[in-house]
Amino acid sequence: MIHPATELRFISEEIGYGVFAREPIPRGTILWVLCRLDMIFTPKEVAAFPPPYQPVLEQYSYIDAEGRVILCWDHGRYVNHSCEPAMLAVGGDFEIAVRDIAADEQVTCEYGHLNLIEPMACRCGAPRCRGLVASGDVLTLWPDLDRRTAIALPNARKVLQPLLPFARDASQFWDWVDGRARPPSHRDYHAAARRSATG
Ligand SMILES: [Zn+2]
């Protein structure tokens, strides 16, 4: 489930739609949470869908670090990639704002986590745009991603968290925020995905 103060907006014929903040959203806010309405499939279940479903699933679903195929039920499935994303994953169930997001700013995430089957050309416009986004990117990016997540997490206690009631395990999130447990490293998401991909 994507944050309630976001909405879907058409950007251009080339890019299609994107998700935008309707009001300022401060750093540390949970912007997306894996909730009970999101659909979770195994790769085998996806392969069993009839052919007309395949391009739809390919476009709107993603493969997470545990090898699960996730299809977001709401406009969370339209979140675009940026090489300087507004939100980053904390474990498999949460994405948090890693900087303050202004009203009307596009809410973006890092596709380098998402085990892209094919590398994707990127023209996100960020000064540090990588040009090509591939699933192995996290192997070099993880220290920076971990650092940005670690800076944003303590702020989670100071901001409104409308998505928290929808989390499957909110206590785990607070353990990470309050320092009782270390959040998983972005490097580990990739390692877990490699393990699940190779069986
Ligand atoms: Zn880019």
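Two residues count as being in contact if their C-beta atoms, placed from the backbone, lie within 7 Å. With that in hand, take the contacts in the protein chain between residues at least 6 apart in sequence: 69% of them join residues at least 24 apart.

## Getting your bearings

What you see is a predicted model, where local features need pLDDT of at least 70, side-chain atom pairs count only at pLDDT 80 or more, and totals for chains, interfaces and linings use all residues. Residues are numbered from 1 along each chain as its sequence is written.

The protein chain has 5 helices and 12 strands. These are DSSP runs numbered from the N terminus, with helices being H or I of at least four residues and strands being E of at least two. The radius of gyration of the protein chain (taken over C-alpha atoms) is 16 Å, close to the 16 Å from the globule rule for 199 residues, so the chain is as compact as a globular protein of that length. That rule is 2.2 Å times the number of residues to the power 0.38. The C-alpha trace spans about 45 × 40 × 35 Å along its principal axes.

How much of the protein chain is buried? Buried residues make up 33% of the 199 residues. Here a residue is buried if 20 or more other C-beta atoms lie within 10 Å of its own, exposed if 12 or fewer, and partly exposed in between, with C-beta atoms placed from the backbone.

Strands of a sheet pair through backbone hydrogen bonds, either parallel or antiparallel. In this model, two strands pair if DSSP finds at least two bridges between them.

Strand E1 (residues 6-12) and strand E2 (residues 16-21) run antiparallel and are joined by 6 bridges. A hairpin takes the chain from E1 to E2 through 3 residues. If you want a spot to look at, Arg 9 has Gly 18 in E2 as its bridge partner.

## The E4-E6-E5 sheet

Next comes an open sheet of 3 strands in the order E4-E6-E5, with antiparallel pairing. Strand E4 (39-41) and strand E5 (61-63) are the edge strands, each pairing on one side only. From one strand to the next, the twist averages 25 degrees. Axes here are lines fitted to C-alpha atoms, for helices over the stretch in contact, and angles run from 0 to 180 degrees between N-to-C directions.

E4 pairs with strand E6 (residues 69-71) in the antiparallel sense over 3 bridges. One isoleucine faces another here: the bridge partner of Ile 40 is Ile 70 in E6.

## The E3-E9-E8 sheet

Another open sheet of 3 strands has the order E3-E9-E8, again with antiparallel pairing. Strand E3 (30-33) and strand E8 (87-90) sit at the edges with a single partner strand each, so one side of each has no neighbour in the sheet. The twist averages 25 degrees from one strand to the next.

E3 and strand E9 (residues 94-97) pair over 3 bridges, with Ile 96 in E9 as the bridge partner of Ile 30. E8 and E9 run antiparallel too, joined by 4 bridges, and Ala 89 has Glu 95 in E9 as its bridge partner. The hairpin of E8 and E9 has 3 residues between the strands, and Gly 91 takes a positive phi near 65 degrees there. Both faces of E8 are covered, with Met 87 and Ala 89 buried on one side and Leu 88 and Val 90 buried on the other.

## Helices against the sheet

Which residues of helix H4 (residues 170-177) are buried? They are Phe 173, Trp 176 and Val 177. Seen down the axis of H4, these buried residues fall within an arc of 100 degrees, so they line one face of the helix. The arc is that of the directions from the helix axis to the C-beta atoms. The buried residues of H4 pack against E8 and E9. Just after H4, Gly 179 takes a positive phi of about 80 degrees.

In helix H3, the buried residues are Val 138, Leu 145, Thr 149 and Ala 152. Val 138 counts as buried because it has 24 C-beta neighbours inside 10 Å.

Asp 104 is found in the loop between E9 and strand E10 (108-109). Its phi is near 75 degrees, a positive value in a residue other than glycine. Asp 104 is exposed, with 11 other C-beta atoms within 10 Å.
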